[in-house]
Amino acid sequence: MDRTLVLGLGGTVDYELRWDPTVFDRLAHAHGVRRHELTTTAPITDERSLLVAVLAFVASGTGAERFVASSEVIKAFVSHFTHEITLGGTGVRAGLVLHALGIPSVQHLVSIDDNVRRLLPASLSYICSATEDTLDPHLIVQYPVGAHVRLVDGDLLAPAPNRLIFANDPPNRRMLLASDLAATLEDAEVFLVSGFNTMQDHDLLELRLAEIQRALRSLPTDALVYYEDAGFYSRRFAETVRARLLPHIDVYGMNEDELQEYLGRSVNLLDAVDVIRALREAHMIIPARTLVVHTRYWAIAIGPDAGQHRAALESAVRVAATRYRVGDALTAADVEKTSVMGRHGGGVDLVAAVEAALADAAGVGAFSLDVASPTTVGLGDTFVGGFIAGVVRSKEGV
């Protein structure tokens with residue numbers, strides 16, 4: 001019997017907004033938004049404050065995940081735009097990637113509704129802790145490089161493409177675990193843990209982490225536990241998660257935004273000296289057996305077991321690049337086509353420099369793709385799915 005891949009902990013229903021500069025121009029003028037008001041840290045309580053936050057992130061070219069006062073704010077904002085309903089959450093998006101590659105998985109969900117039942121492929125079975133249907137959509141804003149918005153007192157221009165997530169999701173804040181999680185883990189080959197970043201009750205977080213620790217006892221000794229970081233609403237919660245789960249984690253992943261947030265400074269991702277320093281500092285903060293940092297230019301693992309995961313890194317980068325260029329409809333054939341495309345020269349050179357300087361590091365350069373309408377939503381989740389696919393295929397000798 002094939003062993004299972006268990007991916008969790010919570011899925012979402014996403015409203016993916018189609019970037020429309022005309023609508024943003026209209027909203028910016030309707031709300032009288034001025035350049036000095038742009039901030040990424042103010043509470044998001046209504047349509048205007050959500051608009052201000054989006055524009056502030058666009059102006060800086062960064063990605064983030066932020067809490068919104070209510071789902072009604074999201075629904076009102078998205079009503080101005082053309083949008084698509086999709087499924088999100090790291091586990092679900094990773095599972096969708098695995099499905100595209102012909103690899104089945106088991107999802108752990110904390111909420112369910114007809115959107116989930118309709119959009120979840122048959123190869124993704126699930127266990128779920130929800131006792132009733134609920135819908136608390138996540139707003140996904142994907143903006144292109146050069147995105148241009150006219151404010152009352154000037155214009156803004158995005159220096160890079162990125163994605164933003166805004167949500168108020170009570171089931172994911174509670175993160176109630178399914179009663180059959182431990183039994184599901186008994187024959188697991190991989191267990192993906194993610195989603196604690198949306199929790200806001202510290203006592204409840206401690207309870208859930210204790211429950212996860214008990215469930216982990218059911219895992220086979222050779223199973224791989226992958227933890228993917230995210231934009232925590234409270235950094236104190238991230239520290240608690242690390243304190244409780246790090247001894248159980250085999251691979252700890254994060255993106256470039258999360259790396260810089262941990263370090264409290266920006267990192268020049270193409271400067272070898274700066275990146276080497278950043279990786280060393282990050283690994284001191286998070287002394288995982290393997291710490292993986294994935295960026296637009298490269299993906300690097302550092303730690304005692306880093307060298308074992310080179311093939312998984314290659315798979316992850318290749319699959320993420322494929323989603324970047326073809327979107328949700330990626331296939332195994334698309335991934336194969338990506339494999340012969342050009343790499344980012346600066347990323348390849350940086351990886352070589354890091355590997356020469358750090359004996360416990362292994363990495364791969366990212367692809368350099370010229371795409372008219374790239375997909376930036378879910379690239380980190382896609383990376384995770386590609387990584388897990390690489391783990392599975394390495395064990396199978398593929």
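In the predicted model, His 294 touches Glu 228, Met 254, Asn 255, Glu 256, Ala 299, Gly 380 and Phe 383, leaving aside residues up to four places away in sequence. His 294 belongs to strand E14, which covers residues 291–294. Its relative accessible area is 7%, a value under the 20% limit, and His 294 is therefore classed as buried.

One of the contacts of His 294, Phe 383, falls within the residue range of helix H15 (residues 379–396). Phe 387 is located in this helix and takes part in an aromatic pair with Tyr 226 of strand E12 (residues 224–228). The arrangement of this pair is edge-to-face, with 5.2 Å from centre to centre and 65° between the planes. The two residues are 161 residues apart, and the pair links distant parts of the chain. Both Tyr 226 and Phe 387 are buried.

Phe 387 is also touched by Ala 312, whose other contacts are Gly 386, Gly 390 and Val 391, again without residues up to four places away in sequence. Ala 312 is part of helix H12, which spans residues 310–326. With a relative accessibility of 3%, Ala 312 counts as buried. The C-alpha atom of Ala 312 is 7.7 Å from that of Ser 394, although 82 residues separate the two along the chain.

The aromatic pairs number 7 in total. In one of them, the ring centres of Trp 19 and Tyr 143 are 6.3 Å apart and the planes meet at 55°, so the pair is classed as tilted. This pair too links distant parts of the chain, since Trp 19 is in the loop between E2 and H1 and Tyr 143 is in strand E7, 124 residues apart. Trp 19 and Tyr 143 are both buried. They belong to one aromatic cluster that also contains Phe 24, Phe 77 and Phe 81.

Strand E7, which holds Tyr 143, comprises residues 138–143. Of its 6 residues, 5 are buried, so the strand is largely enclosed by the rest of the structure. E7 is joined to strand E2 (residues 12–17) by 4 bridges, and these two strands run parallel. Within this pairing, Leu 17 of the chain stands opposite Val 141 in E7. A further 5 bridges join E7 to strand E10 (residues 162–167), and here the strands run antiparallel. The bridge partner of Tyr 143 in E10 is Asn 162.

Phe 24, a member of the aromatic cluster, is one of the buried residues of helix H1 (residues 21–30), together with Val 23, Asp 25, Leu 27 and Ala 28. The packing partners of the buried H1 residues are E2, helix H2 (47–60), helix H3 (71–78) and strand E8 (148–151). At the start of H1, the backbone nitrogen of Thr 22 has a side-chain oxygen of Asp 20 within 3.0 Å. After the helix comes Gly 32, which has a positive phi, near 60°.

In soluble globular proteins, nonpolar side chains tend to be buried together. In this model, the largest nonpolar core contains 54 residues, and the members that touch the most others are Leu 181, Phe 191, Phe 196, Ile 212, Leu 245, Tyr 252 and Val 354. Apart from this core lies another, of 44 residues, which includes Val 23, Val 92, Ile 112 and Ala 147. Leu 181, in the largest core, touches Val 6, His 108, Ile 127, Phe 191, Ile 212 and Ala 215, not counting residues up to four places away in sequence.

Two arginine residues are placed over aromatic rings. The charged end of Arg 235 sits over the ring of Tyr 262, at 4.4 Å from its centre. Arg 343 lies over the face of Phe 367, and the distance to the ring centre is 4.0 Å.

Some features of the backbone were also noted. The peptide bond between Gly 8 and Leu 9 is cis, with omega about 20°. Leu 9 is in the loop between strand E1 (4–7) and E2. Met 175, a residue other than glycine, has a positive phi, near 50°. Met 175 is located in the loop between helix H6 (170–174) and helix H7 (181–184). Its relative accessibility is 0%, and Met 175 therefore counts as buried.

Key: Residues are numbered from 1 along each chain as its sequence is written. This is a predicted model: local features need pLDDT of at least 70, side-chain atom pairs count only at pLDDT 80 or more; totals for chains, interfaces and linings use all residues. Side-chain values use heavy atoms; hydrogens and water are left out. Buried means under 20% relative accessible area, exposed over 50%, partly exposed in between (1.4 Å probe, protein chains only). Contact means heavy atoms within 4.5 Å. A nonpolar core is a set of buried Ala, Val, Leu, Ile, Met, Phe, Trp, Tyr and Cys residues joined through side-chain atoms within 4.5 Å. Two strands pair if DSSP finds at least two bridges between them. A polar contact is a pair of N or O atoms within 3.5 Å; within protein, one must be able to donate a hydrogen and the other to accept it, and residues adjacent in sequence count only if both atoms are side-chain atoms. Rings of Phe, Tyr and Trp (its six-membered ring) pair if their centres lie within 6.5 Å; planes under 30 degrees apart count as stacked, over 60 as edge-to-face and the rest as tilted. A charge sits over a ring if NZ of Lys or CZ of Arg is within 6 Å of the ring centre and within 35 degrees of the ring normal.
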